[in-house]
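Biologist: I am new to this structure. Could you take me through how its helices and strands are arranged?

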Amino acid sequence: LVIGKRDGLVVLGRTHKSLKPFISQFSRRAVYVTLNQMELEADHIMCDGIQATHTAMQYLYDNGHRHIAYVGEYPNDVRYQAFWSFVTQNTLTYSRETIINTPMTAEGGFSAAQKLLDCKMRPTAVFCANDVTAIGLLKGLSQRRAVVPRDLSVISIDNIAEAGETTPGLTTVKIPLKDLGSFAVKTLVDRIHKGHSIYVHVFMPSELLIRESVRPLKGFPRG
């Protein structure tokens, strides 16, 4: 955000260390927007990516899924860490071939679909780290004539506009992106105009949106 000449900065997500000199120019006039809690001496607007992942995994678990694949980036992404924590805490079935490290893009999801369908022990469900990846995954599965959710259930995080337009509709955990951005700008403007002096940390809740991409396995009601 520029009010005048570089009066403030909104930092979205993780940043490369090479950007630290640039960010440091703004001193306290930088607001961070992230999906995980970070130890920051700065204003920080966040939605808990760990909790959002847990919500998605719990929904799959409640519907009887015990072998759940992961598609996204790892090992440093908080969503992968939360996924792995849920798997180990609930002693779920897993194999290295169903934990797929791929760019969180439609192309990454598409390529992941091919790998999952070729697994020796195919999972019953897939957790994607974001909707864009999940949408690519749905396209890849469809191309191989795999039917979601009959053959494979899919869930993700974000709730971008396209998530409700897929076939089937994508079940996802909504991240309040608009509110995250709005609060970041309001906090930054207030900081610039010296409306607050302490560091502000604001938590935004996530919300499960149930559509049609997850099916309950036999004997398990839809949660």
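Modeller: This is a predicted model. A place to start is a pair of helices: the crossing of H4 and H5 is right-handed.

Biologist: How do H4 and H5 cross, and which residues does helix H4 span?

Modeller: Helix H4 covers residues 106–117, and its axis comes within 6 Å of that of H5, at a crossing angle of roughly 45°.

Biologist: Which residues make the contact?

Modeller: On H4 they include Ala106, Gly109, Phe110 and Leu117. On H5, Val132, Gly136, Leu137 and Leu141 are among them. By class, the contact has nine nonpolar residues, six polar and one charged.

Biologist: What is the order of the strands in the open sheet?

Modeller: The six strands follow the order S5-S4-S6-S7-S8-S10, and their pairing is mixed. S5 (99–101) and S10 (207–209) are the edge strands; each has a single partner, so one side of each lacks a neighbour in the sheet. From one strand to the next, the twist averages 15°.

Biologist: How many bridges join S7 to S8?

Modeller: Four, between S7 (residues 153–158) and S8 (residues 171–174), and these strands run parallel. Asp158, for instance, has Lys174 in S8 as its bridge partner.

Biologist: Which strands does helix H5 touch?

Modeller: H5 (residues 131–143) packs on the sheet against S4, S6, S7 and S8, and its direction makes about 155° with that of S7.

Key: Residues numbered from 1 in each chain as written. Predicted model: local features only at pLDDT ≥ 70, side-chain atom pairs only at ≥ 80, totals over all residues. Heavy atoms only, no water. Pairing = 2+ DSSP bridges. Helix = DSSP H or I, 4+ residues; strand = E, 2+ residues; numbered from the N terminus. Axes fitted to C-alpha atoms, helices over the stretch in contact; angles between N-to-C directions. Contact = heavy atoms within 4.5 Å. Left-handed = near helix turned anticlockwise from the far one by under 90°. Nonpolar A, V, L, I, M, F, W, Y, C, P; charged D, E, K, R; others polar.
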